[in-house]
Structure formats: structure tokens, C-alpha cells
Amino acid sequence: MTGLPTDPQPLAIAVIGTGPRGLSVLERLAVRLREEPAPRRRLLVYAIDAVEVGAGRVWRTDQQDWFTMNTVVGQVTMYSGDPDDGPARPGAGPSLGQWIAERARAHGEEPLGPNDYASRLRYGQYLRSVYRTIAEHLPEEAELIPVRDRIVRLRPRPGGGYDLVRENDPMPLSVDKVVLTTGHPRNEPDDFAREMLDFAADRPGVHYLCGDSAADLALDADTIPPGTAVGILGMGLSFYDVMVALTLGRGGAFTTLPDGTMRYEPSGREPRIVAGSRSGLPIPARGKNQKEPHHSHRALFLTPHAVEQARKRRAAETGSPRLDFDEDVLPLLLRELDHVYWTAHVTARDGKEAGERFAERHAAVLLSGGDPTELLREAGLDGVPALDLHRLARPFGDRSFPDPQAFRAELLEVMRRDLDEADLGNSEGPLKAALDVLRDIRNVVREAVDYGGLRPSSHQDAFLRRYLPVNALLSAGPPRYRVRQLLALIDAGIVEVAGPATAYTPDEEAGGFRVASPRVAGSARTVRVLIDARIPTPNLHRDTSPLVRGLLADGLVSEYVVEDAVHGERFETGGLAVTRAPFHVVDAAGRVRTDLYALGIPTEHTRWFTQVGSSRPGMRTLFHRDADAIAADLLADAPRESRPTGRALVGAASGAPAGGEGA
């Protein structure tokens with residue numbers, strides 16, 4: 001091949017897992033290969049996936065189309081640059097919304113507006129198109145090789161690199177560098193799940209389904225016959241997926257009435273659903289989108305500078321730069337939400353200019369450490385309820401209800417009020433505009449919490465146990481029509497919500513699972529099938545993947561542990577230990593493995609909110625910056641020898657282990 005380097009030994013790279021995170025690395029690799037000067041060493045890139053190369057398991061293209069994304073199509077892209085006058089290619093390609101619009105124009109496919117929601121199937125098709133574009137635009141010295149197989153072991157080679165042992169092929173793949181982007185795990189059952197599984201094992205027709213992507217759950221009529229009583233544990237985003245699979249997926253239909261509400265027309269093949277959760281509240285709807293794809297809230301209070309200053313204060317006071325989430329982070333975050341909330345109220349009532357004047361005065365008061373009460377009174381806002389995240393996430397508090405009918409009436413009122421707020425939009429509606437800030441502020445929260453940035457006790461209690469459940473419930477809801485569908489199913493008697501603090505227990509006498517809320521008298525129901533509708537939390541030691549188990553057994557990876565000698569605290573996170581960018585894996589001996597990288601969900605707990613599955617058009621987001629850091633390092637010189645980190649410093653708040661990247 002003309003112009004190719006003469007080096008007979010190519011550089012071989014494996015990307016294991018080709019969902020959005022793996023695809024992002026491939027896209028940035030392709031960009032760098034075309035932009036950086038040639039000639040270079042010949043490159044072989046293996047794109048490996050056990051389910052579907054170029055889409056992965058969660059977004060695979062053989063799933064049903066009733067599973068929906070929860071981000072509007074205009075805000076989703078896999079390309080690291082917007083399209084230009086040239087063809088779609090790595091670094092310059094269409095957003096999901098633009099791709100769907102072009103497919104509708106050219107092939108007559110269903111059109112969607114930029115503020116509509118696509119199915120997960122459609123996003124998988126988009127991912128596949130991105131993968132094909134990457135393959136078609138590689139330079140001649142690079143080859144992308146799809147491998148549909150499961151990697152069950154990495155065996156380090158004496159001279160560097162790894163032999164990848166495949167499940168279905170006796171011939172291992174030999175590569176120089178490996179990127180782990182393996183996505184959502186399947187975990188060993190915890191004590192609760194094991195009890196439920198053991199109970200169901202000896203009882204025909206009784207089933208417990210462990211948490212997983214709804215497309216991978218056994219929701220068919222053989223497992224759940226029509227009319228069966230089904231319990232659902234958890235009412236987050238996955239709950240809605242299970243709900244539609246058991247209704248739309250059974251031939252039912254929703255009709256939109258003239259007043260905008262929905263009516264459900266059953267097929268007769270549905271089960272009877274009893275759902276519950278800690279809060280007793282299904283995750284509320286996302287506000288109608290009123291923002292351009294590139295829009296992002298400009299933080300005034302919880303800024304990188306504020307986090308840095310807080311670290312300096314903590315270091316001076318305690319000798320440790322680790323933060324207390326409740327004292328150092330949460331107050332600043334709440335100021336951001338309050339500022340948007342009150343400003344949106346003034347803007348909605350008095351117009352844009354009045355809102356801008358109020359925002360300037362309100363920000364000045366808060367930045368100076370003042371009390372905004374008098375300003376709110378002057379603005380006529382003293383009668384408006386303050387924003388209270390805890391009340392929004394736990395609207396029923398500790399109250400008890402005399403019967404299911406009383407709880408149902410209040411639940412429906414709460415849900416309908418929230419839908420009214422969602423209809424006002426995420427810019428003009430004060431509530432949803434404020435809650436949308438929870439999404440926009442994530443990167444600064446990451447600066448505060450990632451790589452052991454919090455005291456271990458604060459990370460476990462304030463952040464994981466108290467803040468994250470509230471954040472998850474309020475920051476990323478389903479489309480409004482999904483909540484209207486749930487209301488229709490409740491009205492039709494197909495779905496019942498048990499109530500707050502729902503408990504799930506085996507019932508020997510009834511021969512099924514008992515679902516009951518201790519705060520709703522008469523709420524107990526017996527179900528034959530119990531479905532855990534919670535996505536498994538990543539945990540290295542519970543992951544059933546043969547690859548992860550082998551990596552642990554061979555000492556090639558380690559758990560990220562935060563040790564704080566100053567406060568005498570230790571937190572074993574369950575996350576995979578990696579350096580800061582380019583995210584080299586830290587092995588069991590505390591060494592940085594410069595030929596092994598990990599990105600995304602496996603590193604959750606070392607880094608926060610790694611399940612992000614796309615970038616946003618017109619923005620250089622962390623999603624692509626992460627991928628680019630790995631791509632740049634993959635194309636650097638041959639791997640150096642693994643280097644020691646000093647094990648005691650792996651959890652240091654300063655970030656990467658000692659001797660990390662750049663050392």
C-alpha cells in the first residue's frame with residue numbers, strides 16, 4: 001500500500017464495549033488519525049462487543065421501539081463537532097435530531113422534532129450509523145475490525161500488551177493497548193435479591209426478576225401471564241420501561257383526549273401492576289424543552305473557583321483538602337437553584353427585562369453573603385413557596401393514610417400539579433427551570449466529589465445516601481407523555497401505587513410476594529412476580545462478568561479506596577481505580593498500567609455520573625474530552641512500563657495517584 005510506514009508490526013488496540021463510551025473513543029481516534037501528520041505506524045483497532053458492535057447491549061437495534069430515551073433528540077450527538085458543508089465524518093456529523101430529520105426526508109421514516117424523544121432502538125440505529133461513518137473515514141494506515149464476542153480474560157504479555165481470551169474463539173487476540181468501556185454491569189444478587197430468588201425457586205409460576213435493562217428482563221407472557229399480579233420495586237426511569245412493556249407491549253393503546261389527558265384501552269393481556277418505592281412517588285416528568293442544544297446554565301455560586309477556595313479553607317482548618325458535602329457544596333448548589341427559581345418567577349410575571357434586573361440584584365445579595373428575604377418581599381415573592389428539594393422528592397413526608405383511596409387521591413394530585421409545572425417548560429417554568437440546573441451543574445459537582453474529593457463519611461452519608469436519591473428523582477425525569485400514560489393506567493385500574501416506604505417480603509402462606517406500604521392502611525397486596533426496576537449499581541466485587549472477575553483475580557485492576565488519615569476515615573467505593581485523564585487503570589499493586597484504560601460506568605464511584613451516553617451539539621462536553629484524552633494517549637509512543645503510585649496515595653483528593661500521568 002503506497003505511502004504506508006515500513007514498520008511490519010502494527011500497533012494493535014482493543015476497545016471492549018462499543019456502546020456510546022466505546023464509540024466516543026473510536027470517533028476521537030478517527031479524528032486524530034486524520035488530523036495528525038502521517039506517516040505513522042500501521043494501526044489495527046478491534047471494536048469488540050458481546051451483543052452488537054457499534055451499539056452495545058443497552059442500545060442494541062433488535063429491541064422493541066416502546067423503550068424511550070429521556071433526552072430530546074436535538075440535545076444528543078455522538079460526533080465531537082457539528083456538521084459542515086462536507087460529508088458526515090468523525091469530528092463533523094449530525095446530531096440525533098438532524099440524522100432523524102435527514103432519514104425522514106430521504107427515506108420516508110418517521111420524523112421527529114428537535115424537542116421530541118426517540119426510542120432507544122432509534123438511538124441504537126444512529127450509533128450504528130456513526131460506527132459505519134468512523135469505519136469509512138479512517139486513513140489507509142488504520143483498520144477497524146469488528147469482533148462480536150465476549151472477552152473473558154486479559155493475559156499480560158511479557159513484552160507488554162495483552163492476549164485477549166474470547167468466549168467463542170480459541171484464538172486469542174494480541175493487542176498492545178486495551179480500553180475498557182463495558183457499560184452497565186450484571187451483578188450478583190444482594191441479600192434481599194437472594195432471599196427473593198430462593199423463595200421463588202420452589203414455587204411454579206412465582207418469579208423474581210433482578211434489576212437490569214428492561215429490554216433484557218423476562219417480561220413475556222410465559223413468565224407473566226395475562227391477569228397475573230406483578231409487583232415492581234422502584235419507580236425511576238426503568239419503572240416506566242417495564243410499565244410500557246407490560247401494557248403497550250401487550251397490545252394496549254393510549255388515546256389522547258381533547259383536554260390533553262390520556263385514556264388507556266386495554267387488550268386484556270395485561271398483568272395487574274402494584275408499584276412502590278421509598279418516596280411513594282413515580283419519578284416526575286421532565287419539563288417541556290425550551291432551550292437550544294448548546295444552552296447550559298452559567299454557574300454563579302457553585303463554580304470551580306468556589307470549590308478550589310473551599311478546599312483551601314478545609315486544608316488550612318483540618319490539614320486535609322477534602323470537603324464536607326453538606327457544608328461546602330450543597331449550600332452553593334441550592335443558591336444556584338434558588339437564583340434560577342426566583343428569577344423565573346419574576347420573568348414569568350413581569351417580563352424579561354424585569355427578570356434580568358431582579359437577577360442582578362438577587363445575585364449581588366447572595367454573592368455578598370446577604371439575606372435575600374427583603375428583596376423577595378419587594379419583588380412580591382414572599383407569598384410564593386420556597387424551593388424545597390426534600391419536600392419535592394418526599395411529598396408525603398412521614399404522613400399515614402387511612403386507606404389506598406386516600407393515598408391515591410393525593411398521589412394523583414401531586415402528579416398532576418407536577419405535570420402542570422412541566423408544561424410551563426424548563427426555561428419559563430420556575431420549578432422545572434430550577435431543577436434543570438441539577439443537570440447543568442454536574443461537572444462542578446464532579447470537581448467537588450471525584451477522586452476522593454469529599455471526606456469518606458460525607459461521601460457515603462451526605463452525598464450517596466441523602467443527595468443522590470433526591471437528585472436522581474428530580475433531575476432526569478421521563479417525557480411528559482409517559483407520566484400521562486401512567487395516570488391513564490392508574491385510572492384504568494391497571495397500575496396501583498402502594499405508597500411510601502414500600503416493603504417487599506416473601507409470604508409463605510399466600511404463596512407469593514407481599515407488597516405493602518406501612519403508611520397506607522389496607523395497601524398490602526400479594527403478587528406472583530416481583531420485578532426489580534432499578535438499574536444495578538456498579539460494584540467491582542459483585543459484577544458477574546468473567547472479564548471483570550478475571551481482572552480482579554489477576555490483580556490487573558483494583559477498587560478505588562478513599563483513605564483519610566486526617567479524619568481517620570476509609571471508604572471502599574466499589575469503583576474501578578483509574579488515574580485522571582487519560583484514565584489509566586491502577587492495578588492491585590498500586591501501579592498505573594499505561595496500556596490499560598477504563599472509561600464510563602466501570603469507574604463510577606471513582607468518578608460520578610459516568611452513565612452519560614452522549615454529548616450535546618455545539619458544545620465541547622466532558623463526554624468528548626474524556627474520549628479525546630484516551631485517543632491521544634493511545635496514539636502516543638508504545639506503552640511505558642507500569643509505574644508505582646504509592647498505594648497510600650491512591651485516594652488522594654488531589655486526583656491521580658502519585659506518579660500518575662505526566663510523571
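Predicted model: local features only at pLDDT ≥ 70, side-chain atom pairs only at ≥ 80, totals over all residues.
**Entry 1**

I began with β5, which spans residues 162–166 and is mostly covered, four of its five residues being buried. On one side I followed its pairing with β4 (residues 151–156), which is antiparallel and runs over five bridges; within this pair, Arg153 stands opposite Val165 of β5. The hairpin of β4 and β5 has five residues between the strands, and there I noted that Gly160 takes a positive phi near 110 degrees. I then turned to β6 (residues 173–175), which pairs with β5 in the antiparallel sense over three bridges, with Leu173 in β6 as the bridge partner of Leu164.

**Entry 2**

Next I looked up an open sheet of three strands, whose order is β14-β15-β16 and whose pairing is antiparallel. I placed β14 (503–507) and β16 (525–527) at the edges, where each has a single partner strand, so one side of each is left without a neighbour in the sheet. On average, and with direction ignored, neighbouring strands here are turned by 35 degrees against each other. For the pair of β15 (residues 512–516) and β16 I noted three bridges in the antiparallel sense, and I found Val515 opposite Arg525 in β16. Helix α4 (residues 191–201) packs on this sheet and touches β14 and β15, its direction making about 30 degrees with that of β14.

**Entry 3: helices α2 and α3**

I then examined how α2 (residues 96–107) packs with α3 (residues 120–136), and recorded an angle of about 90 degrees with the axes 11 Å apart, which makes α2 roughly perpendicular to α3. From α2 the contact draws on Leu96, Trp99, Ile100 and Arg103, while α3 contributes Arg122, Tyr123, Gln125, Tyr126 and Ser129. Sorted by class, the residues of this contact are five nonpolar, two polar and two charged.

**Entry 4: Lys291**

Is Lys291 buried or exposed? I located Lys291 in the loop between β12 (272–276) and α6 (304–318), and its relative accessibility is 13%, so I count it as buried, the cut-off being under 20%. Leaving aside residues up to four places away in sequence, Lys291 touches Gln75, Asn426, Asp436 and Asp440. With Asp436 I also noted a polar contact between the two side chains, at 2.8 Å.

Terms used: Residues numbered from 1 in each chain as written. Heavy atoms only, no water. Pairing = 2+ DSSP bridges. Axes fitted to C-alpha atoms, helices over the stretch in contact; angles between N-to-C directions. Contact = heavy atoms within 4.5 Å. Parallel < 35°, antiparallel > 145°, perpendicular 65-115°, else oblique. Nonpolar A, V, L, I, M, F, W, Y, C, P; charged D, E, K, R; others polar. Buried < 20%, exposed > 50% of the residue type's maximum accessible area, 1.4 Å probe, protein only. Polar contact = N/O pair within 3.5 Å; in protein donor to acceptor, adjacent residues only side chain to side chain.
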